Amino acid sequence: MMKRMIRVSIMPFMLLARLTLGIAAVIASIASAVIGLTVSVFIILSVIEFAIGYWQNGIAFMALALLASPIGLPMIANFLLDRMDHILGFFEGLLC
């Protein structure tokens, strides 16, 4: 009886957390797609900078491309979303 009352009282918060996690995943997915286009621009600018002799700027553009690529910041965002999903699943498992 007590477990059922706790489950009913916590359910709105769990639903809100799942909804927030879903919205964050959609936003991260859209942002990764848009940033993918930016990576190609940074790589092209980097090659141009290396070709004209400004290698410091070329290295800077390569660093920006690495941060914006799927290896950089989007991977960190996906990792954090995955960890939050596991944490929510753990709490949902405790309530069942």
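## Exercises on salt bridges and helix packing

Aspartate 85 has a relative accessible area of 31% and is therefore partly exposed, a class that lies between buried (under 20% relative accessible area) and exposed (over 50%), with a 1.4 Å probe and protein chains only. The model is predicted, so local features need pLDDT of at least 70 and side-chain atom pairs count only at pLDDT 80 or more, whereas totals for chains, interfaces and linings use all residues. Residues are numbered from 1 along each chain as its sequence is written, and side-chain values use heavy atoms, with hydrogens and water left out.

**Exercise 1.** Determine which residue forms a salt bridge with aspartate 85, and which parts the pair ties together.

*Solution.* Begin with the criterion: a salt bridge is a side-chain nitrogen of Lys or Arg within 4 Å of a carboxyl oxygen of Asp or Glu. Side chains of opposite charge can pair when their charged atoms come close. Next, apply the criterion to aspartate 85, whose partner is arginine 18, with the closest N and O atoms 2.4 Å apart. Arginine 18 belongs to helix H1 and aspartate 85 to helix H3, so the pair ties together parts that are 67 residues apart in sequence. Helices here are DSSP runs (H or I, at least four residues), numbered from the N terminus. Finally, consider accessibility: arginine 18 is at 28% and counts as partly exposed.

**Exercise 2.** Work out how many salt bridges the structure holds, and which residues are joined into one network.

*Solution.* The total is three salt bridges. Arginine 18 also meets glutamate 92 in a salt bridge, at 3.2 Å from N to O. Because glutamate 92 lies in helix H3 and arginine 18 in helix H1, this pair ties together parts that are 74 residues apart in sequence. Glutamate 92 is partly exposed, its relative accessible area being 29%. Aspartate 82 and arginine 83 form a salt bridge as well, their closest N and O atoms lying 3.5 Å apart; aspartate 82 is partly exposed at 33%, and arginine 83 is partly exposed at 39%. Tracing the shared partners then joins Arg18, Asp85 and Glu92 into one network.

**Exercise 3.** Find which residues make the nonpolar surface patch of about 560 Å², and where leucine 45 is found.

*Solution.* The patch consists of Val41, Ile44, Leu45, Ile48, Ile52 and Tyr54. For such a patch, residues must have over 30% relative accessible area and no salt bridge, and nonpolar side chains (Val, Leu, Ile, Met, Phe, Trp, Tyr) are joined within 5 Å. Leucine 45 is found in H1, which covers residues 2-52, and at 31% relative accessibility leucine 45 counts as partly exposed.

Definitions and conventions
Patches are made of residues with over 30% relative accessible area and no salt bridge: like charges are joined within 9 Å, nonpolar side chains (Val, Leu, Ile, Met, Phe, Trp, Tyr) within 5 Å. Accessible areas come from the Shrake-Rupley method with a 1.4 Å probe; for residues, only the protein chains shown count as cover. Helices (H or I, at least four residues) and strands (E, at least two) are DSSP runs, numbered from the N terminus.
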